[in-house]
Amino acid sequence: MAERNMIEAVHDAIQEEMRRDPSIIIMGEDVGEGGVFRATEGLQKEFGEDRVMDTPLAEAAIVGVALGASLNGIRPIAEIQFADFIHPAFDQIVSEVARLHYRSNGTWTCPVTIRTPYGAGIHGGPYHSQSIEAFYAHVPGLKVVCVATPYDAKGLLKSAIRDPNPVMVLEHKKAYRLFKQEIPEDDYTIPIGVAEVRREGTDISLITYGMMTHHSLKAAEAIEKEDGTSVEVIDLRSVKPWDKERVLESVKKTGKVLVVYEDNITGGFGAEVSATIAEEGFDYLDAPIMRVASPDVPIAPYAGVLEEYILPNPEKIAEGIRKLAAY
Amino acid sequence: MVSVKEVPGAMGLGKEQLLDLYYKMFLARTVGQRERMLNRMGKGPFAVTGEGHEAAQVGTAYALTPGKDWALPYYRDIGVALTLGMTARDLLLAHLSRAEAIESGGRNMPSHFSHPQLRIVSGSAPVATQLPHAVGVALAAKLRGLDEVAITYVGDGGTSVGDVHEAFNFAGVHKCPVIFVCENNQYAISVKWSEQSAVQDVALRAAGYGFPGVTVDGNDVLAVYSAAREAVDRARRGEGATFIEAKTYRLVPHTSDDDDRRYRTAEEVAEWSKKDPLVRYKAWLEEHGVASAREIEALQTRALEEVDEATHYAESAPPPDPASAVLHVYADE
Amino acid sequence: MARGRVVTSEKIDTVGLSEDQLLDIYYKMKLGRAMGERQRLLQRMGKGSITYSCEGHEGVQVGMAAAMTPGKDWLFPYYRDTAFVLALGMSPRDVLMSFFARGGDINSGGKNMPSHFSSVPLRIVSEGAPVATQVPHAVGAALAAKIRGLDEVAVTTFGDGGSSPGDVHESMNFAGVHKCPVIFLCEFNYFAISVASRKQMAVENVAIRAAGYGFPGVTVDGNDVLAMYRAAKEAVERARAGEGATFIEAKTYRLVPHSSDDDDKRYRTAEALEAATKNEPIARFAETLRKLGALDDSKDEEITARVKSEVDDATEWAETEPNPTPEEALRHVYVEEK
């Protein structure tokens, strides 16, 4: 076991996979000198310029070239420097990466991993803070995971790299250096599509992912101390596919659901979770499904007071819990 | 009969190969015509064909080694697909969206060529997305120390798309063994070339990325072959990319959904029909004593037979099982 | 207005600028430099989260600005253009209001990152962060001017890294076909964060690409502010005369890291930085001005003192201005009904 923070865990995953499989390369802007978050620190020295490849500033090409290389014996990890900058590659991702296997009737495969830092809370302003999982969880053919712990980051990134399907790995940047965790030094993977129960409880099922997991745990602790309300916190970790079974199991137990996500409330991924529970878990419910999310305002304004106003945090989540508990 | 070794412009090709070029061009023409006919008869909902483009397509594709080299064509490239080894049957099956169509089992539109064994990569419809892919395939070959090359095709309209710039720049920086071919037929549906670009010869843009760009008469199959041969040799020697602009003309509407009378005159089309690459090449073969008129007619008959057989086969082939629509969203674990 | 004698020597072409104008350019370069330095200092003191300094780029930015008519011509900048916007007339106070993300910040009311400039009266168009998205916007503004029969010019800036995205190609092609009065200014400082320019493009001068779109491309020593001004003036005159676009590639050097979050020692040597510093634009222009007899020690000190007092005033001002009220976060998502 080793104590690692999340960015170190990401680094380890990339390094171990590249040692294990010589066909893996990582390509992106600034990856050669270690990357703006140090995810590829020292890797160019170890693996060379061909396998840790600086690309021109061209996101559509980063994804498109990665797709092409993946058809010809290379297993690329395409790094997009910030999730906010992935939009020029939207066409390549949706029209090509996600669709190639289906449109060719299963004959061509695109085992590309796209990894990118996402999320707010670091004074990133409107272009270093966005949550993009809703756009991509929507796309058949793509898998999407959202990680915010060192253990999850390493295990899920490895699974993503090994998956024959294209996988988007969204790493919450606020969690990169948030805390250290004991994680296995040797090889392990976490299957995509499996949620993790972070905290067991009996009164409310709180479904969340990303940085909101950490905020939700704080809120749950506070509420339990306050009046004994027992909140079960489930971290989805994967949004496409997502662990519907685990969630419904929890809803059956508690009867009340609070869905918490950092993204804008309308059309955010939590809306899909809510709709599914309403449809398939209706009989278990004792209250309306409630959500805590950012308002429909571009995430995130730069000034600290503005950003705080917008984003969900432990206090706002606690308020949501209270409201639901009182129903 | 003159020995082809002495024939100027034969580009080191033997008689069999010179005739094969003609056959492939004529086959491409025939398949295109047949698809449009089937569409008019209501049998295939959509046809996009490349009549007029045969020299540009067959000439370039002929310089590759099928199954070793990679091709990422666009939807007009019937000649490319056939030259690299797809059959008339394959194309007609796709045209009629049959289950066994290798391209996509009826999922993708026709003329979205794909054949994994032949290394023809499944294409989509958004224009020019395949150019970065070709760069990626070529990059992989280079990283793996293989002397494979990738060729990719796009129309004149396609050269305006941002992905082209990104692909060119990447290929230039990383010296990828890729050949970019623009089949410049002077129209992007109805938009004339002068509205698409402020320069006449788009090949000159290659200089801005550090590799050669050549403009060639796209209706002269041997000139095209010569340019492609050089580009392939360059790429195999590790010298990087080439951009070939083949000037040609589309003798038919953009697709079966297009009425080209709305944007060009019958006179213009007639003028270009006189420069039909098939007619030109047939004349060249006869003039240089490579083949007699009768030998060429025999090739035409053979092609027609092949297309007739393919049509019959495809018409009788079963459509996909509806339940198969949900398959292959993901690669099986 | 021109005042005082115009000094020319046979060797130095002042491109028709009077002594006053030359000194104004010098002052603006020093102001830009000082503002870059001040924001880095403030950021290190923990008073702001991030800064992207212009230090090194002053010749390019002030040289281009000098050829424009502020408030008539358009600027679609990128985040390194502090000296540029100051040269066009944004006040030091306004720049630091953005740095401190104050409620009264004209650039964005604290909503956008600092150095993401905007001023409606100065026609500096609010910029995002994704690289080169502003380039098609500039073409659009130029197109509109042309359609309306106005002789306005649009200028857009980006780095060497910024020349790679597809949006630049699409913009240049469009501008070429439609003969738009737009100037593409590449502030080529040889690095896109850590990625050296030889990994960004396979050619030495990206300006040669302009030929592929049917308009001129010029490469200029961006650290020679008069050379920069000459190229800029020519491009602006072309555009106003209806002759269309120009691509100006101004070679320069970033004397500082990419941003306050960047450690440039990781990708370039102290020697390289030192060599570049010897070539920096302000010292070079000072030397030129001295040769022209337009600058001496006391004049230089005067300008330095003026700059310092403006920067100090702006700092004092912006430091004590109020933050935005939290509820402001919800406003202006959509145009507000009156």
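Author: Let's start with a word we'll need: a residue is buried if 20 or more other C-beta atoms lie within 10 Å of its own, exposed if 12 or fewer, and partly exposed in between, with C-beta atoms placed from the backbone. This is a predicted model, where local features need pLDDT of at least 70, side-chain atom pairs count only at pLDDT 80 or more, and totals for chains, interfaces and linings use all residues. Residues are numbered from 1 along each chain as its sequence is written, while chains are lettered from A and ligands numbered from 1 in the order in which they are written.

Reader: What makes A:Gly119 count as buried?

Author: A:Gly119 has 31 C-beta neighbours inside 10 Å, and the cut-off is 20 or more, so A:Gly119 counts as buried. You'll find A:Gly119 in the loop between β5 (113-118) and α6 (133-137) of chain A.

Reader: Which residues does A:Gly119 touch, leaving out those up to four places away in sequence?

Author: Among them are A:Ser129, A:His172, A:Lys174, A:Met211 and A:Glu262. Two residues are in contact if their C-beta atoms, placed from the backbone, lie within 7 Å.

Reader: What are helices and strands here, and how many are there in chain A?

Author: They're DSSP runs numbered from the N terminus: helices are H or I with at least four residues, and strands are E with at least two. Chain A has 12 helices and 14 strands.

Reader: How do you know that the span of helix α8 of chain A agrees with its number of residues?

Author: The expected span is 1.5 Å times one less than the number of residues. Helix α8 (residues 211-227) of chain A has 17 residues and should span 24 Å; its end C-alpha atoms are 25 Å apart, so the two agree. Just after α8(A), A:Gly228 takes a positive phi of about 80°.

Reader: Which residues of α8(A) are buried, and what do they pack against?

Author: The buried ones include A:Met211, A:His214, A:Ala219 and A:Ile223. The buried residues of α8(A) pack against several elements of chain A, including β7 (167-172), β11 (231-235) and α12 (314-326).

Reader: Why is α4 of chain C called largely enclosed?

Author: In helix α4 (residues 92-99) of chain C, 8 of the 8 residues are buried, so the rest of the structure largely encloses it. Its buried residues pack against α1 (19-44), α3 (82-88) and α10 (297-320) of chain C. After α4(C) comes C:Ala101, with a positive phi near 55°.

Reader: How do you know that chain A agrees with a compact globule?

Author: The radius of gyration is taken over C-alpha atoms, and the globule rule is 2.2 Å times the number of residues to the power 0.38. For 327 residues that puts a compact globule near 20 Å, and chain A has 20 Å, so it agrees. Buried residues make up 64% of chain A.

Reader: What makes up the side of chain A that touches chain B?

Author: In all, 35 residues of chain A are in contact with 35 residues of chain B. The largest share on the chain A side, 9 residues, comes from α3(A). By class, that side has 15 nonpolar, 15 polar and 5 charged residues. Nonpolar covers Ala, Val, Leu, Ile, Met, Phe, Trp, Tyr, Cys and Pro; charged covers Asp, Glu, Lys and Arg; the others, Gly among them, are polar.

Reader: And what about the side of chain A that touches chain C?

Author: There, 30 residues of chain A are in contact with 32 residues of chain C. Chain A's side divides into 18 nonpolar, 6 polar and 6 charged residues.
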